[in-house]
Amino acid sequence: KSKMIVADKKREQIIDGAIKRFIHFGIGKTTMNDIAEDLSVSKPSLYYYFPDKKHLIVGVIERVFNDFFELIKKKYNPELPVQEILFNTIDVRNTFFQKYYMLRITEGIPDLLNDEVIKGKLHALKESEKAFFAEIFSQAKAKGEIEHDDTAHVAELYLESLMGLCTMCIMETGKDLFPDKKALNKMTMKQKNLTTIFVRGLRCID
């Protein structure tokens with residue numbers, strides 16, 4: 001077991017190093033050699049954990065998502081009104097958006113999005129997020145805060161709407177710049193306004 005723990009630690013260190021380098025130099029410009037040099041690990045050792053760059057990118061995506069998800073779950077208090085719960089998730093989401101913006105995963109992935117392994121991985125992560133939000137809406141329904149039978153559909157609509165506003169912010173920011181505080185605040189405000197309207201709409205029953 002202790003061997004496993006050491007191996008996991010090593011794997012996590014490699015992911016840490018990859019995140020630092022990806023943020024600084026971009027995914028496209030980073031080679032496996034660079035990461036091995038940064039961390040003073042041998043290439044065979046690096047390839048033992050990640051057979052190629054694609055697997056490393058998947059490791060990074062999973063790490064960022066899992067950290068994000070853990071924090072959202074930690075902050076989740078079903079006793080709160082649903083709007084407040086959703087506002088809290090937006091704050092967590094945008095903290096991560098800011099922290100990892102420079103990763104710009106999609107720039108390192110154009111061809112990777114056609115890759116079955118990555119597609120499957122991203123799909124699984126998306127599904128687990130959707131399931132969690134469906135649970136938030138189900139709890140709100142049980143408490144009589146909202147009226148809607150298909151909470152999975154509601155969760156999907158809600159998450160895709162947030163994504164859309166996030167994409168708008170990225171597009172308005174342009175290619176190289178980091179979104180400034182004003183742009184981030186504007187995005188957060190729009191996401192929260194949307195949430196208020198969304199929750200209000202779920203109170204009506206047709």
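The structure is a predicted model, in which local features need pLDDT of at least 70 and side-chain atom pairs count only at pLDDT 80 or more, while totals for chains, interfaces and linings use all residues. Residues are numbered from 1 along each chain as its sequence is written, and side-chain values use heavy atoms, with hydrogens and water left out.

Of its 206 residues, 39% count as buried, that is, under 20% relative accessible area with a 1.4 Å probe and protein chains only, whereas exposed means over 50% and partly exposed lies in between. Among contacts (heavy atoms within 4.5 Å) between residues at least 6 apart in sequence, 75% join residues at least 24 apart.

Helix α4 (residues 53-75) and helix α6 (residues 116-142) have axes that come within 10 Å and cross at roughly 5 degrees. Axes here are lines fitted to C-alpha atoms, for helices over the stretch in contact, and angles run from 0 to 180 degrees between N-to-C directions. Residues making the contact include Phe65, Phe68 and Phe69 of α4 and Leu122, Leu125 and Phe132 of α6.

Turning to the cysteines, a search of the whole structure finds zero disulfides, a disulfide being a pair of cysteine sulfur atoms within 2.5 Å. The sulfur of cysteine 169 is 6.5 Å from the closest cysteine sulfur, in cysteine 166, which is too far for a bond. Cysteine 166 is buried, with a relative accessible area of 14%, and cysteine 169 is buried as well, at 5%.

Helix α8 (residues 181-203) has 23 residues and reaches 33 Å from its first C-alpha to its last, close to the 33 Å expected at 1.5 Å a residue; the expected span is 1.5 Å times one less than the number of residues. Among the buried residues of α8 are Leu184, Met187, Gln191, Thr195, Phe198 and Leu202. An α-helix has 3.6 residues a turn, so residues three or four places apart point the same way. The cover over the buried residues of α8 includes α5 (82-99), α6 and α7 (151-173). Isoleucine 197, also in α8, counts as exposed at 58% relative accessibility. Its C-alpha atom is separated by 9.9 Å from that of glutamine 83, 114 residues apart along the chain.

Notes
Helices (H or I, at least four residues) and strands (E, at least two) are DSSP runs, numbered from the N terminus.
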